[in-house]
Amino acid sequence: MKQFEFFGLDTSNECLWRNGAQIPLPPKPFAVLRYLVENPGRLITHDELLDALWPETYVQPQVLRTYVLELRKLLGDDAGQPRFIQTLTKRGYCFVAAVTDQPPVEPSRTKAKPVLSARAARLVGREQELSRLNEHVTLLASEQRRVVFVTGEAGIGKTALVDAFCQQLDPQLQASVARGQCVQGVGCKEEYYPVMEALSQLCVSTNGELACRTIAKLAPAWLALGRETGTAEPAAARPALQERLVGDLCAALEEMAAAKPLILVFEDLHWADESTLNLISALARRRAQARLMVLATCMPRKGSAAYPQKVLKQDLLVRRLCVEMALAPLPRTAVCDLLSLERGQEPSPGLTGFVFQHSEGNPLFVIAILEHMIAQRFLVRQGVDGAAQWEQRAPFPELPLLEAGIPDKLEQMIELEIERLSPEEQHLLEAGSLMSVAFPAWAVAAALEKDAAEIEEACDALARRLYFVERAGQDELPDGTHSAFYVFAHGLYREVLYQRQAPTRRAKRQIRIADRLGELFAGRSARVAREMAVHYEAAGDWKRAADALRAAALHAHERRAYANAAELLQRALHIAENLSETERAVAAPEILGELIRAQEAMTLGAEMALNLSEKA
Ligand SMILES: Nc1ncnc2c1ncn2[C@@H]1O[C@H](COP(=O)(O)OP(=O)(O)O)[C@@H](O)[C@H]1O
Ligand SMILES: [Mg+2]
């Protein structure tokens with residue numbers, strides 16, 4: 001075991017410990033950390049690291065950056081003032097902390113009290129919320145199932161709290177944690193998307209074998225859903241079958257939760273499809289005892305109470321089947337702590353007061369203001385390397401009078417951050433926002449009619465400079481080439497970038513992305529037809545949106561995913577209403593015919609399934 005500060009790198013069991021708590025680490029970041037820790041105090045060039053980790057294959061050096069970013073987050077390290085990993089620009093890395101050899105820690109000897117992990121240690125001002133969540137975990141021991149909604153506006157820290165909570169869980173609990181992210185879709189929502197994501201995480205976790213066996217035994221239909229790429233077979237033909245699908249999965253999850261506590265995290269439930277909400281509702285309502293906790297984050301949408309996730313939450317609240325933890329803004333002291341963390345230096349009372357007043361305690365806002373002030377050079381770094389300190393260029397409280405002009409809405413603040421980029425950079429990010437929270441370089445290139453390699457370089461340069469864009473990996477395209485993809489650190493950046501584009505310009509870009517998807521997958525375009533339809537629909541190209549959906553439906557029909565085909569065709573029919581009268585006169589009856597064919601196949605399939613299950 002290699003020990004540095006509070007951390008222990010357990011090379012025989014391939015994991016990282018902090019204060020006796022195990023921190024999960026995927027194999028590659030682990031290998032990077034191991035190499036650095038085993039060679040402390042010297043420059044390790046990119047080439048040396050790449051050779052050590054991928055001896056046989058050529059890998060882009062940028063990949064290292066992604067892993068180092070991930071490691072810094074886990075270790076709570078700061079690139080500006082590194083305690084562990086120092087970046088030597090254009091050359092490589094150096095592990096700067098002192099490393100000693102220690103006997104390995106055994107899990108059984110760890111303290112009973114949960115200890116904060118690196119990420120949790122970076123969480124400020126949420127001690128009460130963390131301990132309330134831990135109380136819920138304690139109640140799991142008496143087999144009382146828990147459903148907890150963590151709610152609050154964008155950037156208030158829902159994800160940060162849930163992440164920290166999951167990381168500081170007592171390892172002795174041996175809880176399985178699985179996470180499903182609901183995604184904001186422009187067009188139709190994919191059924192059970194977050195559920196499938198959580199199930200696949202369960203199946204590859206340390207308890208994965210048991211999870212897979214339990215699902216295969218009690219909810220085999222779900223394994224078949226998981227095997228289909230992308231599209232899950234939606235709500236079965238009849239409510240009875242739909243209910244059964246949900247019931248089976250609940251039973252399987254309960255059985256898993258009987259062996260070990262099970263924590264299911266659903267992120268951003270305000271974007272969930274109805275089937276996922278239905279499953280959560282069932283999990284909350286079932287009576288059987290289970291060491292099961294559902295932890296969902298969501299935003300309280302303003303105005304209407306008609307959002308399905310709101311209806312579900314209210315209903316469960318009334319029946320006392322769930323609890324809501326509404327996150328309040330951070331108090332001034334926590335804003336001060338957050339500023340210290342972000343800058344690696346105690347802020348002056350003036351700076352704290354200024355940022356607190358403008359951000360109103362929203363952590364994302366705090367970070368955005370800080371970045372803005374650094375970019376505007378109100379805060380500058382003086383001195384050399386290790387001894388460098390942040391200094392204020394203008395004294396507070398004069399600063400608000402200067403051109404600092406911090407807006408009072410987070411969205412406007414983000415807009416301001418975007419405006420300080422060059423027009424080319426703005427276009428690039430806008431094009432990225434047309435995809436999803438993650439966007440590949442090829443799509444940006446297509447949207448802007450630029451060369452993909454050039455765009456990738458420009459994106460890399462942006463990711464190095466901006467804190468809200470990160471390089472996240474590489475996609476392999478059907479022609480064997482690779483295209484890097486990037487993520488926005490927060491969905492709100494994507495939303496602002498999406499909204500600021502004039503509709504006609506946005507439409508043109510989306511059509512180019514859809515066309516390029518078609519070219520990339522030429523001969524296999526049915527696979528991406530659904531995604532193409534989303535772009536055509538957003539661009540208002542109804543004809544091509546309907547055609548793409550029909551192609552996707554045909555593909556689904558051929559794979560006997562009849563319900564899925566029917567759902568796509570219903571959507572196509574709905575879109576066809578926007579067509580000109582002559583176009584509609586041709587398309588609508590055709591789509592209707594295809595829909596009837598899918599529905600017939602679906603009913604037949606459902607009857608056969610029911611017959612079979614009755615016989616069994
Ligand atoms: N309590 C906190 N302490 C430190 N950083 C925080 C805290 N809450 C949020 N952050 C940071 O603020 C940003 C936005 O938080 P996030 O959890 O993504 O918000 P939400 O999920 O509510 O939209 C992230 O960079 C996150 O790390
Ligand atoms: Mg979030």
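In this predicted model, the shell around ligand 1 is made up of nine nonpolar, four polar and five charged residues. There are 18 residues around the ligand, and those that come nearest are Gly155, Lys158, Thr159, Ala160 and His490.

**Backbone contacts to ligand 1**
- A polar backbone atom of Val124 sits 2.8 Å from a nitrogen atom of ligand 1.
- An oxygen atom of ligand 1 lies 3.4 Å from a backbone N or O atom of Ile156.
- Ala160 also brings a backbone N or O atom to 2.8 Å from an oxygen atom of ligand 1.

**Burial and surrounding elements**
- On its own, ligand 1 would expose 560 Å², and the protein buries 85% of that area.
- Helix 6 (158–167) and helix 15 (363–375) are the elements that give two or more residues to the shell around ligand 1.

**Cavities**
- Searching the whole structure turns up four cavities of 30 Å³ or more.
- The largest cavity has a volume of about 80 Å³.
- Its lining consists of Ser176, Leu202, Asn207, Leu210, Ala211, Met256, Ala259, Lys260, Pro261 and Leu262.
- Sorted by class, the lining of the largest cavity holds seven nonpolar, two polar and one charged residues.
- Helix 8 (208–218) and helix 10 (239–259) each contribute at least two residues to the lining of the largest cavity.

Key
Residues numbered from 1 in each chain as written. Chains lettered and ligands numbered in written order. Predicted model: local features only at pLDDT ≥ 70, side-chain atom pairs only at ≥ 80, totals over all residues. Heavy atoms only, no water. 1 Å grid on protein atoms, 1.4 Å probe; cavity = no way out; pocket = protein on both sides within 12 Å on 5 of 7 lines; lining within 4 Å. Points joined across faces, edges and corners; volume = space filled by probe spheres on them. Helix = DSSP H or I, 4+ residues; strand = E, 2+ residues; numbered from the N terminus. Nonpolar A, V, L, I, M, F, W, Y, C, P; charged D, E, K, R; others polar. Near = heavy atom within 4 Å. Polar contact = N/O pair within 3.5 Å; in protein donor to acceptor, adjacent residues only side chain to side chain. Areas by Shrake-Rupley, 256 points an atom, 1.4 Å probe, with all protein chains shown as cover.
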